Amino acid sequence: MLWLFFPSIAPIDDLISSVLHRILQYPNILSELILEQNQVLGHLSPSSTSSCSIPEDCFTTEAIRKLVKLDSVCRESFRANNQYTASDRTNIGSEDMILSNGIAIPSGQNILLNGWINHRDDELQKDNLGNYDTFEPFRHIGTNHTVTKTGNDFLLFGVGRHVCP
Ligand code: HEM
C-alpha cells in the first residue's frame with residue numbers, strides 16, 4: 001500500500017504547489033475562480049433556496065466538470081512549469097532503438113522524457129493563443145484539453161503504456 005501511497009501524494013502536492021504559486025503570481029485569477037465556483041456550486045450555500053441541501057449530493061462529477069476555468073489553470077500551471085517531466089524509460093530490447101529523428105537509444109539505456117520541450121512545442125500545443133513560453137491561465141477553455149487529458153502535448157501523468165491510471 002505504501003508503494004501506492006507515496007508516489008501518488010508527491011505529484012498531487014507538486015501540482016497543487018504549482019497552481020498556488022501561479023495564483024500568487026497572478027492574483028486576478030483568484031477572483032475569476034471564485035466567481036466560477038459561486039456560479040457552479042453556489043447552491044451549496046446555506047442561504048440557498050435550492051432543494052439540494054447536502055453537499056455530498058451537490059458536489060458531483062457533473063458540477064466539477066463545469067469548473068472549466070479551474071481546470072484550465074491547473075493544466076496551464078503544469079504545462080508552463082519550468083521543470084521538465086522526468087518520466088523514465090529503459091530500452092529493454094536486446095537491440096538499439098533508432099528514433100525517427102535518427103537518435104539511437106542503446107539496448108539497456110535509460111532515458112528521460114523532456115516535458116519542457118513538448119509543453120512549449122508549437123506543433124504539439126494547439127490553441128488559439130500560441131506563445132507557449134507564456135502562462136495563459138484560461139488558454140485551455142473550449143479546447144477539450146482538460147488537466148487529465150494526457151498525450152505528447154501534456155506529460156503531467158506520463159504517457160503511453162505506463163501512464164498514470
Ligand atoms: C496529480 C496527481 C498525480 C500525478 C501528477 C501523477 C503522475 C504520474 C506519472 C508522471 C506517472 C508515470 C507515468 C509514466 O511513466 O508514463 C504515474 C504513474 C502512476 N501513478 Fe500517478 N500521478 C498522480 C496521482 C496518482 C494517484 C492518486 C494514484 C493512485 C491512487 C496514482 C497511481 C499511479 C500508478 C499506479 C502509476 C504507475 C502506472 C504504471 O506503471 O503502469 N497516481 N503517475
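Guide: Leaving aside its neighbours within four places in sequence, Val147 is in contact with Asp71, Cys74 and Arg75, where contact means that the C-beta atoms of two residues, placed from the backbone, lie within 7 Å. Numbering starts from 1 along each chain as its sequence is written. The model is predicted, so local features need pLDDT of at least 70 and side-chain atom pairs count only at pLDDT 80 or more, while totals for chains, interfaces and linings use all residues.

Visitor: What makes up the largest nonpolar core?

Guide: A nonpolar core is a set of buried Ala, Val, Leu, Ile, Met, Phe, Trp, Tyr and Cys residues joined through C-beta atoms within 7 Å, and a residue is buried if 20 or more other C-beta atoms lie within 10 Å of its own, exposed if 12 or fewer, and partly exposed in between. The largest such core has ten residues in all, among them Val19, Ile29, Val73, Cys74 and Val147. Helix H5 (residues 68–79) gives the most to this core, with three residues; helices (H or I, at least four residues) and strands (E, at least two) are DSSP runs, numbered from the N terminus.

Visitor: Why are helices H2 and H5 called oblique to each other?

Guide: Helix H2 (residues 28–41) packs against H5 at an angle of about 140°, with the axes 8 Å apart. Axes are lines fitted to C-alpha atoms, for helices over the stretch in contact, and angles run from 0 to 180 degrees between N-to-C directions. Angles under 35 degrees count as roughly parallel, over 145 as roughly antiparallel, 65 to 115 as roughly perpendicular and the rest as oblique, and H2 and H5 are therefore oblique.

Visitor: Which residues of H2 and H5 meet?

Guide: Ile29, Glu32, Leu33 and Glu36 in H2 meet Lys69, Leu70 and Val73 in H5.

Visitor: How do you know whether Asn131 is buried or exposed?

Guide: Asn131 has 12 other C-beta atoms within 10 Å, and therefore it counts as exposed. Its phi is near 55°, a positive value in a residue other than glycine, whereas most residues other than glycine have a negative phi.

Visitor: And what makes Asn144 buried or exposed?

Guide: Asn144 has 7 C-beta neighbours inside 10 Å, so Asn144 is exposed. Asn144 also has a positive phi, of about 65°, although it is not a glycine, and its place is in the segment after H6.
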